[in-house]
Structures are given as structure tokens and as C-alpha cells.
Amino acid sequence: MNTLCGTGLVKDGHPHQILKKMKIWIRCIAFAYVVLIYHASVAQGNAVLKGNLRDAATGEDLIGATVYINELKTGTTANVYGFYSLNLPAGNYTVRFSYTGYSTKIIEVELDENKVLNVELESAFQQLGEVVVTGEKPDENVKQVRMSTNNLQMETIKSLPSFMGEVDVMKSLVLLPGISAGGEGSTGIFVRGGNVDQNLLLLDEATVYNASHLMGFFSVFNADAIKDVQVYKGGIPAQYGGRLSSVVDMRMKDGNSKKFSATGGLGSIASRLTVEGPIQRDVSSFIVSGRRTYFDMFLPFSADTNLRNSRLYFYDLNAKANYRFSDKDRVFLSAYTGRDYLKINNEFNMGWGNETASLRWNHIFNSRIFSNFTLIYSHYNYNLGFNYGINSFDWFSHIREMSFKGDFTWYFNPDFTVRFGLQNQHHRFNPGQVRGKGDQSAVNDNDMPLSYGLQHAAYLSAEHKLSEEFTMEYGVRYSLFQKMGESTVFSVNENYQVTDTLYYGKGEIFHSDHGPEPRLGLVYSPAAFHSFKASYNRTRQYLQQTNISASGTPLDIWFPASPNVKGQVADQWALGYFRNFLDNTLESSLEVYYKDMKNQLDFRDHANILLNTHMEADLRVGKAWSYGVEFMFNKTKGDFTGWFSYTWSRAWQQIDEINQGEKYPAVFDRPHDLSLVLAYDLSPRVNVAANWVYQSGRPVTLPVGRYEYGGVFIPVYGSRNSSRYPDYHRLDLSLTWKTREKPGRSWQSSWDVSVYNAYMRKNAFAYSFRQSNDNIYQTDAYMIYLFSIVPSVTYNFKF
């Protein structure tokens, strides 16, 4: 084995040696899996049942739909492209196909040779007056090996009360255990004690680097264009990497391959329209979905001159097409573009936006090997401009990613599935460029150094059912980050002083960071209604973000690991107990976790973050850790549905040069986080819903005194994050009324009335301190809040 792996022949350091070491790891892992597969081959079946599961009305793939063989008491689930494969002994079987919200279909299959069986399931909501069985396998949440995951159906998200009439995927996530909001008016999320930038947000496999519209009040994800949302808080599968805390994997709709249709809505601040249909029926389809706010259209009619010359809007555009060349080959092309624009009286302007594109090719090599190859482009940029005479300038910044992925799934048999793949990324970082504007500007041009990076990864994992009671998912990911020229790098010594300036030529690799990322998941289910689970995962992150505020802003800058900044590493352990009640209509879970994070970054006190050429000298490095308990009840069936979740957690940081070396609460430390979500169907046409949230106030560093120097009062601040804002809580309500459908007409519509913050809680957004007008020796604190009660009305339609 040592000869095969060659473990004694490689030394760390040189990039070529690191790549060699990475190949050796892959070879060792592959050899181990070959041994496992050889020993498992005695159980190999002699016929394969495979196919795709789709929606009968639209042709959309049904992600995660269940295929169950009654006679063998085994089965599988469809992947993200609706594909399934089962390697079985020859024989006659009763096969059960099911999916949440769809009627179950049972088919008798005579399997004496490899067989393709594509199945279309009908939505249960379309079958009036008929008793149907709906849902995934009833005990799937108990039996599946993965824990710390949540799958949100879009129908559930759309039924929740909305803010200003806009259904928001990101704001729905904070209602789940272990996920807390970045703050009022923020789409940033904190997951199990991780920062905003430690979450990997994917849209059709493309990274979204900033998910905010209107400074964070809305997210960039248009609910009408999204099909599926999968959240991983722990036990992260080996195919995902690059972030420490979580993965939010969103898949766009493929488009209706049966008929042309349109959906849309007219809301309080925005309107949206989605058009989809077949290019060639049952072979190819498309979808185009757009959204735009129109508040700025009324500004020219304002009596205030400043408002007449101002602008404020955002827009989104999603597009996707797919073509099925054969039962073995299918191509997808998807794209997104969105932008915000803000202008105030020709004196200030700001814009930011994302662009993503994905080109994917699904290929089935044989009855048991499914592959997907993806080319990805992602770009985030922002600009800032001031028109103040001699202080006039424009500021630009961006991050760009181009990547390639190859992912494979080998359905060896119903009890053993192998996944493996390779990933490569190229990054370009432009932290900031400043240009003086106009002849009168006294602002000097300033360019922060550009930087480039390569990121590679290989992974191999298996899901192995050892018995009816015990299943494992295990594997490893090996990642490598390389920083490359053309680049200017400032050397920083142990005292954080810049000692030298180094220049590296184009394509020259001058820094590498790498390491293994093992993943392990276990489930023991002594009975069909309950199970015990455990997971461990190591994750590595080579890109990080400056955070101007705790909740994130469009001006936050992404920057890579470097000779001065080590890649971040996290180890997370979790244990859980899962149990279903009342014939599987009530699901419950209890999870505990501990996360240890190394090479965590924070800025020194009074650091200059914006346009700081020597920013890395202002960073301080230390460690962080978090732990908590998550509890959830979820009622999934009936006229009355909803869930209750509660999280108790703590998140700490310790950096020698900050807070005198003492540990301090992270800005995302929220000891108590509670969510209650309720929905009730008063009739087939009327639904009411409510959600109530409660969070401990977020930590903040506030003045605890002041002193006078030269006639100026200077505040004295307490320990880092030693104070807290008041606790946050809010009640939202909604009512949805579907208009009566007229016979023979395809037009369907509904009215949605929502009330955000129904009891008008004034939740603190920030504090402002001012010297008292009555006493110069007294400083008064003023609380700033964003919203009181916010009602909204939206008209939705479909035809």
C-alpha cells in the first residue's frame, strides 16, 4: 500500500509537489473503494431498473422523489435531475413512486433485463374529489442518513407571510433551527455560529457572491423561478466545499415541456412575470422570469426637487433552456442577471449586481453510472460615485469566477452508491479602483492590487446500507488553493508591519494552501418511527469577506488566502434523535452540535477597511467555536400545517490582539432563537398563515464612558461585544384568497394580503449617541429602528 500511494516521496511546499500529493490521495482513496466494491460484488444484481421521475403537468424533474420496491423493502431517491437507478435481482416487483404533494403511482414490473421506466406523477391538488396518497416515503426523514439538512418546497415558501408582497427564499431560511438572520433588513444568514461569508449560495450550481437587493431588504432569488431549495448545516456531502458553515443549493425550474403558461404578480413595490413552455414537446423547454420594482417611477412626480432627481430600483432576470437529445444525454443552459441602482439628487450614486451562467451536460454512461459536467461563470460587481466638487470620485470593485465540474454517481446496488468528481475554479479579485471625477476633483486615482487564484478539489464518497437498521455515508474531499500572479504582495511580519513589496508575474503561482476534508454520517434506526444519527465533517475556506457591518453590505470585499492569510478550517460534530408521531404526520428532531474553527479573522480596533492597500496588516487571526441544541416539530399533512423550532446556541471568538486576548461573543452570537410557523386552509380557496420569531439581541460594542481632551469629548468603549441590542421579536400575518375559476378558462388568480410586524414592535437596528442639549456632560443614546407595521397587497395570476 505504501508503494502504491507513495506517501514518503512527497514534500509540502512547491505547487507541483502539492498537485502530486493531491493525485496520490485520490489514488489511495480509489484503491480503498475498489477493495470495498470487490467485496460487495457478490451481492450484485443482474438487471437494472432506471428512469426519470417528472411532473405530469409540466414535465419538471422531481428532485428527491422516492422509488420503493415492496418485495425487497428497499429503494432509492431521484437525484437533482430526477434520475434514479436500481440494480436488482431478476424477478417480478411492485414498485412505488411517490413525491411530496403528488399522488403515489404503483407499477408492477417484470424485471428480466435492464429496463428504462420513466414515470410522471400527478399533483394531488389537481385531483378534486379523489382520495389520493401523497408525499415522500412516510419515514424518509427518519431513515435517511443525512442530518442537519432541510428541504423547503416552494409551495411552502410562497404560503408564508411576505414583506411588501415579495416572497423571499432567504428570509424563509431563518425560520429553520440553527439559522438566524443577519438583522432587520438583511438577507444575510448566520448558520451554527458561522459568519455571513461562510455560507455557499448556489443557483443552478453557480456561486452567488451577494444575495441582497435594496441594501438587504430583499434577496436576489425570484421565487417564481426556483424549483427546489436544499440547505445543509452539517454533515455536508463531499461534493460541496469552499465554505465552512453551510450550503444553500437552489435549483431553477426547467420550464414546462407540455404547454405554454405564464405566471406573475402585481405587488406593493414590484411586479413579476414568468413565461415558460416547450420548444419541442417532451424534448426541450424554456423558462424566462423577470422582476422589477417601480417605486422610482413615482419619484419624478414628487414636489421635492431632491426626490425628483433621485432613483431607486432593482431588477432580476432568470432564463433557462434544456434539450433532451436521447435517454442518455441532456443539456441545460441557465443564466441570471440582476442589479440595484441608487441615485440621490445627482450627488451620490451606487449600483451592484450579480451575473451567473451554467452550461450542464447530463450523460448516462450505462445503466448504473450517471454523470454531470458543468461550465460555470459568476460575476459580482459594484460601483460607488460621489459628485461633491473637489471630492468627486467613482469607485469600482468586482469578483469573477469561472469553473468546471465533473460529477459522477455509480448506483452499484440499492445498498451501495458511490459519488465522485473533480472541480476546478479560476478567480479574479478586484478589491477596489478609485478614479477622480471631473476637472475639479482633488481625489487621486488609487488602485488596490488585483489578485488571482486557482481552486481545485477532488472528492469520493459512498452511501452504504449495512443492514435494515444501520446506514453510513462516508468519504473525503481534498482541496487545493493556489494564489497566482500577476500580483503585488506586501509582506507582513509578526508585528503586523509591512516589511516588503513583492511582485509576481502573470501565471506565476506563489502561494498554496491545501488539505483533506473527511465527511462521515451514520444512522441507526431500531424502528420505522425513530432513529439516532451522528455526523462529522471538516470544511476548508480559502475566500473570505470584509464585513463593514454585522449583517453584510454590498460594499463588502472578497479576498483570497495569501502568504499573510491562511485558509480557514472547521470541524463539526453533531448528534441527533429523530422521531415521527401520529402516523408520520408529525415529525420531530433534536440535534446537538459542536463546531471548532481555526484561522478566523477579525479586524483590529479602528481598522481602515475601505480602500486599504495594506488591509492584510490590519487583520488579526485567532480561533472560534460554537455549540448548540436545535429542536423542531413539523406537521406536514392536513388542513393545519406548520412547524415550531427552537435553538439554544453560543458562538465565541478568541484572538490574542483583540479584547486583551480574552474570548468574546461573535457578532452572530444569538443564545435563543425561536420560530413558530402556522398555516390553515379555511377552505379550498382561502388560506391564513402566521409566523412569530424571537431572537436574543445581537452583541455590540458600546461606549461605557467618556473623557474630555482639548475641549472634545471622546467615548470610552467597553470590551468587544460586551453589550447587546434588545431582544428581537415580530409577528407576521397573511391571508390568501383564490378567486373562483370560471369553467373553460385557464386563467387562475389570487389575492395575498400580508402584514409584516403586526403588533408594531420597534426592533433596534442601531444606536446613535449625541451630546445632550441640556447638559454638555451628558451623552444621550437614541435607538434607530427601520419598520413599524408594514401591510402589503399582491395580486397573483396564472394562465
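1. Buried here means under 20% relative accessible area. K320 sits at 5% relative accessibility, so this lysine counts as buried. Keep in mind that this is a predicted model.

2. What does K320 pair with? Its side chain meets that of D204 in a salt bridge, 3.2 Å from N to O. The two come from distant parts of the chain: K320 is in strand β21, D204 is in the loop between β12 and β13 (206–207), and 116 residues separate them. D204 is at 0% relative accessibility, so it counts as buried too.

3. Through shared partners, salt bridges join E60, D204, E205, K227, D249, R251, D254, K320, R360, K405 and D407 into one network.

4. The salt-bridge count comes to 36. Another one worth a look is K158 with D224, at 3.4 Å from N to O. K158 is in helix α4 and D224 in the loop between β15 (218–219) and β16, 66 residues apart. Buried or exposed? D224 is buried at 6% relative accessibility, whereas K158 is partly exposed at 29%.

5. Back to β21: this strand (residues 311–324) runs antiparallel to β22 (residues 329–344) over 14 bridges, with a four-residue hairpin joining them. N318 has Y336 as its bridge partner in β22. Then β22 pairs, again antiparallel, with β23 (residues 348–366) over 16 bridges, and T337 stands opposite E355. Three residues lie between β22 and β23 in their hairpin, and N345 in that turn has a positive phi of about 50°.

6. On the nonpolar side, the largest core has 42 residues, and L173, F221 and V229 have the most contacts inside it. Elements giving two or more residues to this core include α4 (154–159), α5 (169–173), β16 (226–232) and β17 (246–252). Beyond its neighbours within four places in sequence, F221 is in contact with V169, M170, L203, V208, A211, M250 and R291. A separate core of 21 residues has L62, I69, L117 and L121 among its members.

7. Finally, the surface: L575, L590, V592, V629 and W648 form a nonpolar patch with about 390 Å² of accessible area together. L575 is in strand β36 (residues 568–581), and at 53% relative accessibility it counts as exposed.

Notes. Residues are numbered from 1 along each chain as its sequence is written. This is a predicted model: local features need pLDDT of at least 70, side-chain atom pairs count only at pLDDT 80 or more; totals for chains, interfaces and linings use all residues. Side-chain values use heavy atoms; hydrogens and water are left out. Patches are made of residues with over 30% relative accessible area and no salt bridge: like charges are joined within 9 Å, nonpolar side chains (Val, Leu, Ile, Met, Phe, Trp, Tyr) within 5 Å. Accessible areas come from the Shrake-Rupley method with a 1.4 Å probe; for residues, only the protein chains shown count as cover. A salt bridge is a side-chain nitrogen of Lys or Arg within 4 Å of a carboxyl oxygen of Asp or Glu. Buried means under 20% relative accessible area, exposed over 50%, partly exposed in between (1.4 Å probe, protein chains only). Two strands pair if DSSP finds at least two bridges between them. A nonpolar core is a set of buried Ala, Val, Leu, Ile, Met, Phe, Trp, Tyr and Cys residues joined through side-chain atoms within 4.5 Å. Contact means heavy atoms within 4.5 Å.
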